[in-house]
Amino acid sequence: MTRNEYIRELASALTALPRAGRREVLDDIARHFDDGAAQGLGEAELCRQLGAAKALADGYLEEHAARTGKAVRTRGPWSGFWAALGLCFINLIIVLPVYLGLLGAYAGLVASAFAMALGGFAAAGLGAALLVVPTLIAYTGNPLVALLGGIGVCALGLLFLLLLWHLGRWFFRATGRYIQANRNVIQGRRDAR
């Protein structure tokens, strides 16, 4: 087992401790690894010296309970299952329909902005062609209006696409954070790392 794996397992087992106490314990263990490395000991040897991360965490939890007079609540073996079941229900019944509606609206806006940019480009191209060859098609309007209007509509469509790109980045990052928050609940972590 490596240092990072040991500390990650210990942090997971210490989620019942307050954040400051957990940070203090993890800093102590990190210093233990640093001191051992300075003495030439390997990470695996240091992990063996410390013992199982779960057993070490139980000792810290008992010490905290004795110091504060309050027992800390630890997660039972089924707590992850019940958390996953509850999140599954909430996500399927409430979150998924809203998410799919927002995703559909976003896709529709992107398609509209793309069509606007493409249509403006086509109108500008037609206006430019009519300026060069006025008898190309039977067009009774001013070709300059078609050219400039097409450029304006194309620019507006591209601007909407740019705005939607930034909105999409935010939307999908928020989706990733929501998924990570669900994983943290199932794994019993209080804070995202």
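Predicted model: local features only at pLDDT ≥ 70, side-chain atom pairs only at ≥ 80, totals over all residues.
**Exercise 1.** Find what joins Glu63 and Arg67, and state how they are placed in helix H4.

*Solution.* Step 1: Glu63 and Arg67 form a salt bridge, with their closest N and O atoms 4.0 Å apart. Step 2: The two residues lie four residues apart in helix H4, so about one helical turn separates them.

**Exercise 2.** Describe the salt bridge between Lys54 and Asp58 and the exposure of Lys54 and of Asp58.

*Solution.* Step 1: The closest N and O atoms of Lys54 and Asp58 are 3.0 Å apart. Step 2: Both residues belong to helix H4 and, because they are four residues apart, about one helical turn lies between them. Step 3: Lys54 is partly exposed at 46% relative accessibility, and Asp58 is partly exposed at 28%.

**Exercise 3.** How many salt bridges does the structure hold, and which parts of the chain does the pair Asp34 and Arg3 link?

*Solution.* Step 1: The structure holds six salt bridges. Step 2: One of them joins the side chains of Asp34 and Arg3, at 2.6 Å from N to O. Step 3: This pair links distant parts of the chain, since Asp34 is in helix H2 (residues 19-38) and Arg3 is in helix H1, 31 residues apart. Step 4: Asp34 has a relative accessible area of 40% and is partly exposed.

**Exercise 4.** Work out how H1 and H4 are oriented to each other, then do likewise for H5 and H6.

*Solution.* Step 1: The axes of helix H1 (residues 3-13) and helix H4 (residues 53-68) come within 9 Å and cross at roughly 40 degrees. H1 and H4 are therefore oblique to each other, and H1 passes H4 in a right-handed crossing. Step 2: H5 and H6 pack at an angle of about 165 degrees, with their axes 7 Å apart. Angles over 145 degrees count as roughly antiparallel, so H5 and H6 are roughly antiparallel to each other. H5 passes H6 in a left-handed crossing.

**Exercise 5.** Locate the nonpolar surface patch that includes Tyr139.

*Solution.* Step 1: The patch has about 880 Å² of accessible area together, and its residues include Leu126, Val133, Leu144 and Ile151. Step 2: Helix H5 (79-132) and helix H6 (143-187) each supply at least two of its residues. Step 3: Tyr139 sits in the loop between H5 and H6 and is partly exposed at 35% relative accessibility.

Terms used
Residues numbered from 1 in each chain as written. Heavy atoms only, no water. Patch = residues over 30% accessible without salt bridge, like charges linked within 9 Å, V, L, I, M, F, W, Y side chains within 5 Å. Areas by Shrake-Rupley, 256 points an atom, 1.4 Å probe, with all protein chains shown as cover. Buried < 20%, exposed > 50% of the residue type's maximum accessible area, 1.4 Å probe, protein only. Axes fitted to C-alpha atoms, helices over the stretch in contact; angles between N-to-C directions. Parallel < 35°, antiparallel > 145°, perpendicular 65-115°, else oblique. Left-handed = near helix turned anticlockwise from the far one by under 90°.
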